[in-house]
Amino acid sequence: MITMVDTCPGGLRLARHLANEAGNEDVRIVQAQGLVSVSIDDCVAELEALAHGAHAEKPIVHAIASPQFDFRPAQWEAYWTEFEDEFGMQGHPFLEVEHLKFGAGGRTARHRHRLYLRIGVDGKAVNLSHSAARAEKLSRIAGFMRGEP
């Protein structure tokens, strides 16, 4: 499992990356929480609007999870619950997008992106210090629990 976590301001570039059908064999919205929009572009814009007024240059968390093998829905749900617990994102609005790319050696496992609003109800940004080490911890636990080498 590979997990990456970064913050970003949002924007059209991010929306285009998530919706990029030219670079992916398949792109689909899996789910959205706390958003009313139905397209990737509109969901990203809505997350930006929800962050309006917050004093954070990068109010959106971009998380990527790429397992070695395809996950079943229950495995994805367990993984994202672990992610939210680790990073304090429970209940935050998010958009989840799934990509399928044909990788080296014919690997076809799907990976997912989640964009979370990083701003809490108190108007403060969620602390993401040591996010690389925390993401690595999640990757190792998820891989072990799901039988990845």
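In the predicted model, the accessible surface of the chain amounts to about 8,100 Å², and carbon and sulfur atoms account for 54% of that area. Of the 149 residues, 46% count as buried. The C-alpha atoms occupy a box of roughly 45 × 30 × 25 Å along the principal axes, and the radius of gyration of the chain, 15 Å, agrees with the value near 15 Å that a compact globule of 149 residues would have.

The secondary structure consists of four helices and five strands, which follow one another from the N terminus in the order β-α-β-α-β-α-β-β-α. The five strands form an open sheet with the order 1-3-5-4-2, in which the pairing is antiparallel. Strand 1 (2-8) and strand 2 (26-33) stand at the edges of the sheet and have a single partner strand each, so that one side of each is left without a neighbour in the sheet. From one strand to the next, the twist averages 15°. Strand 3 (residues 60-66) is paired with strand 5 (residues 110-117) in the antiparallel sense over six bridges, and H62 stands opposite L115 in strand 5.

Helix 3 (residues 73-87) lies across strand 1, strand 2, strand 3, strand 4 (94-100) and strand 5, and runs at about 35° to strand 5. The largest nonpolar core comprises 19 residues, and those with the most contacts inside this core are Y79, W80, F83, F87, M89 and Y116. At least two residues of this core are supplied by each of strand 3, helix 3 and helix 4 (131-145), with the largest share, five residues, coming from helix 3. When residues up to four places away in sequence are not counted, Y116 touches P59, I60, V61, W80, F83, E84, M89, H92, P93 and F94. A second, separate core contains 17 residues, including C8, L14, A15 and L117.

Methods:
Residues are numbered from 1 along each chain as its sequence is written. This is a predicted model: local features need pLDDT of at least 70, side-chain atom pairs count only at pLDDT 80 or more; totals for chains, interfaces and linings use all residues. Side-chain values use heavy atoms; hydrogens and water are left out. Two strands pair if DSSP finds at least two bridges between them. Axes are lines fitted to C-alpha atoms, for helices over the stretch in contact, and angles run from 0 to 180 degrees between N-to-C directions. Contact means heavy atoms within 4.5 Å. The radius of gyration is taken over C-alpha atoms; the globule rule is 2.2 Å times the number of residues to the power 0.38. Buried means under 20% relative accessible area, exposed over 50%, partly exposed in between (1.4 Å probe, protein chains only). Accessible areas come from the Shrake-Rupley method with a 1.4 Å probe; for residues, only the protein chains shown count as cover. A nonpolar core is a set of buried Ala, Val, Leu, Ile, Met, Phe, Trp, Tyr and Cys residues joined through side-chain atoms within 4.5 Å.
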